[in-house]
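Q: Can you walk me through this structure? I'd like the cut-offs spelled out as we go.
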Amino acid sequence: MSTIRALILPICLILALWATGSHANAESPLIQAIEQTFPPEQQGMALYIAMRESRGDCSIRIIDTNNEISAGCWQVQAVWWGEVSEDVNEQAKQVWLIVQEHGWKPWATYWGN
């Protein structure tokens, strides 16, 4: 992770948590799933990606112009990673498996897009 990203990430997380209408607060199922699934050093990035991808809305499903579905808090693309559960805990487990094998690189938001 670049030095700039390492400095900006905590600020982004704080802003994401304080954002009006945010679904990610200390008692949210998203935060609980992150804390239960990801090791401490990955929790910040897991929250950052979820907030950037879905604003913490784990029920969101998007069908793109190629008729491919991206779903859940992390907007996992079913065509690449399999069906995405509606359960946030299962979504977190699926994402953690992806991250263990590929890192956060599959998410464009990791690259700042």
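Q: What covers the buried residues of H5?
A: The cover over the buried residues of H5 includes helix H2 (29–37), H3, S3 and H4, where buried means under 20% relative accessible area, exposed over 50% and partly exposed in between, with a 1.4 Å probe and protein chains only, and where contact means heavy atoms within 4.5 Å. Helices (H or I, at least four residues) and strands (E, at least two) are DSSP runs, numbered from the N terminus. This is a predicted model, in which local features need pLDDT of at least 70 and side-chain atom pairs count only at pLDDT 80 or more, while totals for chains, interfaces and linings use all residues. Residues are numbered from 1 along each chain as its sequence is written, and side-chain values use heavy atoms, with hydrogens and water left out.

Q: Which residues of H5 are buried?
A: Val88, Gln91, Ala92, Gln94, Val95, Trp96, Ile98 and Val99 are buried in H5. Helix H5 covers residues 88–102 and reaches 21 Å from its first C-alpha to its last, close to the 21 Å expected at 1.5 Å a residue, the expected span being 1.5 Å times one less than the number of residues.

Q: And H3, what is buried there?
A: In H3 (residues 40–54), the buried residues are Met45, Ala46, Leu47, Tyr48, Ile49, Ala50, Met51 and Ser54. Just after H3, arginine 55 takes a positive phi of about 55 degrees.

Q: Switching to the sheet, what is the strand order?
A: The order is S1-S2-S3 in an open sheet of three strands with antiparallel pairing, and two strands pair if DSSP finds at least two bridges between them. Strand S1 (61–63) and strand S3 (76–77) stand at the edges, each with a single partner strand, so one side of each is left without a neighbour in the sheet.

Q: How many bridges join S2 to S3?
A: Two bridges join strand S2 (residues 69–71) to S3, and these strands run antiparallel; valine 76 in S3 is the bridge partner of alanine 71.

Q: Where is tryptophan 81, and is it buried or partly exposed?
A: Tryptophan 81 lies in helix H4 (residues 78–81) and is partly exposed, with a relative accessible area of 30%.

Q: Last one: what is the overall pattern along the sequence?
A: The protein chain follows α-α-α-β-β-β-α-α along the sequence, with five helices and three strands, and buried residues make up 38% of its 113 residues.
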